[in-house]
Amino acid sequence: MIKKLVLAALVALPMSVAAQKFGVVSAEEIFSAMPEANEIQVKLGEASKQYEDEYAKLQEEMNKKVSEYQAMVEDANTPQSIKDRRLQEVQEMDKKAQQFIQTAQQDLQRQQAQLMQPVHDKLLNAIKTVGAAQNLVMIFPAEVPVYVSTEVVDVTPLVKAELGIK
């Protein structure tokens, strides 16, 4: 009796797998076509420009301090303690500039993550909606598979339509 059940299950398994439909989607293609993606790039570009401008000011100030220090080093009448203090100021400015760069990079990454999350969620929801509407068992990223059968459905155009993207 058990053998018959196992045999029936083994015979039915390939049929049930064959009836399942799978899909692929190019999420990167869809994301780049979304208007929100352009808005994110503009906002991040503006923030990056502000950081670059501020860093340029820091560099200008540091270059001025370095020039002053170099002039002092060449002046034999300047006491060594003043030269040492100026050198320390230059080193501190350099450290501040490095910290500024690190903080700016972290802030830009944080902003990017915050801006991308709602767009990512919107894309994921559209993919889920299309997958459910098409009765797909699973949707894979189109960029990953090495081989895709002709029976696999490319849902990229359907997801674009769901998002209102042409």
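Analyst: Arg86 and Glu68 form a salt bridge, with their closest N and O atoms 3.5 Å apart. This pair links distant parts of the chain, since Arg86 belongs to helix α4 and Glu68 to helix α3, 18 residues apart. The model is a predicted one. Arg86 has a relative accessible area of 23% and is therefore partly exposed. Glu68, at 32% relative accessibility, also counts as partly exposed.

Lys65 is partly exposed, because its relative accessible area is 26%, and partly exposed covers the range between the buried limit of 20% and the exposed limit of 50%.

Glu89 takes part in a salt bridge with Arg85 as well, at 2.9 Å from N to O. Both of these residues lie in helix α4, 4 residues apart, which is about one turn of the helix. Arg85 has 42% relative accessibility, so Arg85 counts as partly exposed. Through shared partners, salt bridges join Lys65, Glu68, Arg85, Arg86 and Glu89 into one network. A search of the whole structure finds 8 salt bridges.

Next come the helices that carry these residues. Two packed helices are described by the angle between their axes and the distance between the axes. Helix α3 covers residues 35-74 and helix α4 covers residues 80-133. Their axes come within 9 Å and cross at roughly 175 degrees. Because angles over 145 degrees count as roughly antiparallel, α3 is roughly antiparallel to α4. The residues of the contact of α3 with α4 divide into 23 nonpolar, 4 polar and 12 charged.

What follows helix α4? The loop between α4 and β2 contains Asn135. Asn135 has a positive phi of about 55 degrees, although Asn135 is not a glycine. For comparison, most residues other than glycine have a negative phi. Asn135 counts as exposed, because its relative accessibility is 61% and the limit for exposed is over 50%.

Strand β2 covers residues 136-141 and includes Phe140. Together with Val137 and Met138, Phe140 makes a nonpolar surface patch of about 250 Å². Phe140 has a relative accessible area of 34% and so is partly exposed.

Along the sequence they follow the pattern α-β-α-α-α-β-β-α. The protein chain has 166 residues, of which 22% count as buried.

How values were computed
Residues numbered from 1 in each chain as written. Predicted model: local features only at pLDDT ≥ 70, side-chain atom pairs only at ≥ 80, totals over all residues. Heavy atoms only, no water. Patch = residues over 30% accessible without salt bridge, like charges linked within 9 Å, V, L, I, M, F, W, Y side chains within 5 Å. Areas by Shrake-Rupley, 256 points an atom, 1.4 Å probe, with all protein chains shown as cover. Salt bridge = Lys/Arg side-chain N within 4 Å of Asp/Glu carboxyl O. Helix = DSSP H or I, 4+ residues; strand = E, 2+ residues; numbered from the N terminus. Buried < 20%, exposed > 50% of the residue type's maximum accessible area, 1.4 Å probe, protein only. Axes fitted to C-alpha atoms, helices over the stretch in contact; angles between N-to-C directions. Parallel < 35°, antiparallel > 145°, perpendicular 65-115°, else oblique. Nonpolar A, V, L, I, M, F, W, Y, C, P; charged D, E, K, R; others polar.
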